[in-house]
Amino acid sequence: MTAQCNLIVDSCCDLPFSVVDREGVSLVRFPFLFGDEEHLDDMGCSMSSHEFFERMRAGAHPTTSQVSIPAFTEVFERAAQSGVPTVYLSFSSGLSGSYDVACIVADQVRDRYPEMELLIVDTKLASVAEALLVYDAIRLRDQGMTAFELAAWAEEARYFVNALFMVDDLESLRRGGRIPDSVAYAGSKLDVKPLLSMGIDGKLSLKGVARGRKKAIKQLVEYYFERRDHDNFSQCVAVGHADCPKDAHRLRELVCKQDEGVLFMESAIGPVIGSHVGPDMLAIVFWGCDRREDLSVADRIARKVKGA
């Protein structure tokens with residue numbers, strides 16, 4: 001079947017490169033730096049996840065930046081010149097300004113290519129959570145979805161992606177400005193493993209804490225069984241890890257003990273996300289409950305007032 005649309009994805013989805021390396025799918029590579037040494041996140045082709053996190057363990061503090069205007073211009077112009085309607089599934093605007101840059105560049109390219117059909121979707125997701133959405137978007141695109149249908153699907157589907165991840169400590173997130181200093185300070189003093197998730201605004205939210213990694217892994221499993229899609233007997237679960245394969249294996253084992261029908265997709269955390277979560281992060285992601293239903297009564301009222 002000939003695809004009716006093309007896709008643009010970015011490297012923050014932390015999928016294996018082989019998944020996105022196909023005709024009709026373009027990759028936007030986020031930059032990261034070790035001091036003055038600049039790299040582009042190419043999903044492990046030039047630097048393995050293990051090598052990256054070993055450098056962090058040795059004391060390196062990588063930094064990240066937004067995708068450049070020339071990088072977006074190049075990929076959007078290729079989309080325009082292809083003549084094929086295209087959807088860009090963007091890394092969360094709650095964690096990066098790259099989504100806003102993409103929208104600005106898209107308008108500039110449209111001035112030169114008025115016939116261009118480019119739809120940009122803010123996934124409000126990151127890393128393994130973004131990976132699950134992108135993976136199914138590629139599948140649906142291959143089955144013949146149009147660009148308009150795929151964009152509409154992604155804008156609704158993003159709220160059904162459930163994710164919980166454990167970080168070894170909060171220092172990397174604090175240093176990157178992704179959480180307040182007060183939260184990181186409290187976490188370090190309590191000597192706990194923080195558990196975080198994606199809010200519906202695309203920002204990180206602290207869901208809880210666990211005393212030690214074993215208890216944290218158990219809470220990841222409990223979260224899955226509480227919120228999974230109970231009508232899907234062949235549930236796909238994405239497990240992501242920042243160079244801690246033994247913990248990832250343990251997580252899969254615990255899930256399989258209670259649900260043998262689970263299909264697993266494993267994801268190695270890439271350097272851009274890894275710069276902010278640090279080594280030994282572990283995540284479980286799956287299709288489940290509508291996260292908009294988790295809002296407090298006050299927040300639900302506020303959304304209605306705003307017409308959201």
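Biologist: How many bridges join strand β8 to β13, and which way do the two run?
Modeller: Six bridges join β8 (residues 161-166) to β13, and they run antiparallel. This is a predicted model, where local features need pLDDT of at least 70, side-chain atom pairs count only at pLDDT 80 or more, and totals for chains, interfaces and linings use all residues. Residues are numbered from 1 along each chain as its sequence is written, and side-chain values use heavy atoms, with hydrogens and water left out.

Biologist: What counts as a strand, and as a pair?
Modeller: Strands are DSSP runs of E, at least two residues, and helices are runs of H or I, at least four residues, both numbered from the N terminus. Two strands pair if DSSP finds at least two bridges between them.

Biologist: Which residue stands opposite F286 in β13?
Modeller: That's N162. Strand β11 (residues 236-241) also pairs with β13, in the antiparallel sense over five bridges. There, G240 stands opposite A283.

Biologist: Is β13 mostly covered or exposed?
Modeller: Mostly covered: six of its six residues, 282-287, are buried, meaning under 20% relative accessible area with a 1.4 Å probe, protein chains only.

Biologist: Which way do they point?
Modeller: L282, I284 and F286 point one way, and A283, V285 and W287 the other. In a regular strand the side chains alternate between the two faces of the sheet.

Biologist: Switching to helices, which residues of α2 are buried?
Modeller: In α2 (residues 49-57) they are S49, F52, F53 and M56. They cover an arc of only 90 degrees around the axis, so they sit on the same side of α2; the arc is that of the directions from the helix axis to the C-beta atoms.

Biologist: And what happens just after α2?
Modeller: G59 takes a positive phi of about 115 degrees there.

Biologist: OK, the core. Which residues have the most contacts inside the largest nonpolar one?
Modeller: F72 and F76, in a core of 74 residues. A nonpolar core here is a set of buried Ala, Val, Leu, Ile, Met, Phe, Trp, Tyr and Cys residues joined through side-chain atoms within 4.5 Å. Helix α5 (residues 127-142) gives the most to this core, with nine residues. Apart from it lies another core of 22 residues, including L220 and Y223.

Biologist: What does F76 touch?
Modeller: Leaving out residues up to four places away in sequence, its partners include I8, Y88, V105 and M116, with contact meaning heavy atoms within 4.5 Å.

Biologist: And how much of the whole chain is buried?
Modeller: Buried residues make up 51% of the 308. The chain has twelve helices and 13 strands.

Methods
Buried means under 20% relative accessible area, exposed over 50%, partly exposed in between (1.4 Å probe, protein chains only).
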